[in-house]
Amino acid sequence: MPSNEPKTSDVILSTRIINAREASGYSQSQLSLRMGVKKSTIANWEASRTSPRANKLIELAGILNVPVLWLICLLYTSDAADDLLCVD
């Protein structure tokens, strides 16, 4: 029987979206308007119900001024590629 629990990588992504959005001073409504998506889309990303498609992930990272890899990786340091550990 498949589990409905989100994967760890989904929870990390949603948490990082929330943290980056709040640090950038955007509300969910403001971010949704900026990205051209519904507020419920942002809420679903932040609740780990859905994940952004690649093009929206890139756009989101740009708007929030964070690296895409930081959003999707378990660990990220910008010093060297050797310090990068991503999760599936």
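Start with the crossing of helices H1 and H4: H1 passes H4 in a left-handed crossing, where left-handed means that the near helix is turned anticlockwise from the far one by less than a right angle, and right-handed means clockwise. Select residues 8-24 for H1 and residues 54-64 for H4; the two pack at an angle of about 35°, with their axes 9 Å apart. Axes are lines fitted to C-alpha atoms, for helices over the stretch in contact, and angles run from 0 to 180 degrees between N-to-C directions. Helices (H or I, at least four residues) and strands (E, at least two) are DSSP runs, numbered from the N terminus.

This is a predicted model, in which local features need pLDDT of at least 70, side-chain atom pairs count only at pLDDT 80 or more, and totals for chains, interfaces and linings use all residues. Residues are numbered from 1 along each chain as its sequence is written, and side-chain values use heavy atoms, with hydrogens and water left out.

On H1, the contact (heavy atoms within 4.5 Å) is made by Leu13, Ile17, Ala20, Arg21 and Ser24, and on H4 by Leu57, Leu60 and Leu64. Colour them by class: the contact of H1 with H4 has six nonpolar, one polar and one charged residues. Here Ala, Val, Leu, Ile, Met, Phe, Trp, Tyr, Cys and Pro count as nonpolar, Asp, Glu, Lys and Arg as charged, and the others, Gly among them, as polar.

Next, select Arg21 and Glu46. They form a salt bridge, with the closest N and O atoms 2.5 Å apart; the term requires a side-chain nitrogen of Lys or Arg within 4 Å of a carboxyl oxygen of Asp or Glu. The pair links distant parts of the chain, as Arg21 is in helix H1 and Glu46 in helix H3 (residues 39-46), 25 residues apart. Both Arg21 and Glu46 are buried, where buried means under 20% relative accessible area, exposed over 50%, and partly exposed in between (1.4 Å probe, protein chains only).

The structure holds two salt bridges. For the other, select Lys56 and Glu59, whose side chains meet at 3.2 Å, N to O. Both lie in helix H4, three residues apart, about one turn of the helix. Lys56 is partly exposed, with a relative accessible area of 21%, and Glu59 is partly exposed at 28%.

Move to helix H2 (residues 28-35) and pick its buried residues, Gln28, Leu31, Ser32 and Met35. Looking down the axis of H2, these fall within an arc of 100°, so they line one face of the helix; the arc is that of the directions from the helix axis to the C-beta atoms. The buried residues of H2 pack against H1, H3 and H4. After H2 comes Gly36, with a positive phi near 75°.

Two further stops concern backbone torsions. Ser48 has a positive phi of about 60° although it is not a glycine. Ser48 sits in the loop between H3 and H4 and is buried, with a relative accessible area of 16%. Asn65, also not a glycine, has a positive phi of about 60°. Asn65 is in the loop between H4 and helix H5 (68-72) and is exposed, with a relative accessible area of 69%.

Finally, zoom out to the whole chain. It has five helices and two strands, running α-α-α-α-α-β-β from the N terminus on. Buried residues make up 30% of the 88 residues. Among contacts between residues at least 6 apart in sequence, 49% join residues at least 24 apart.
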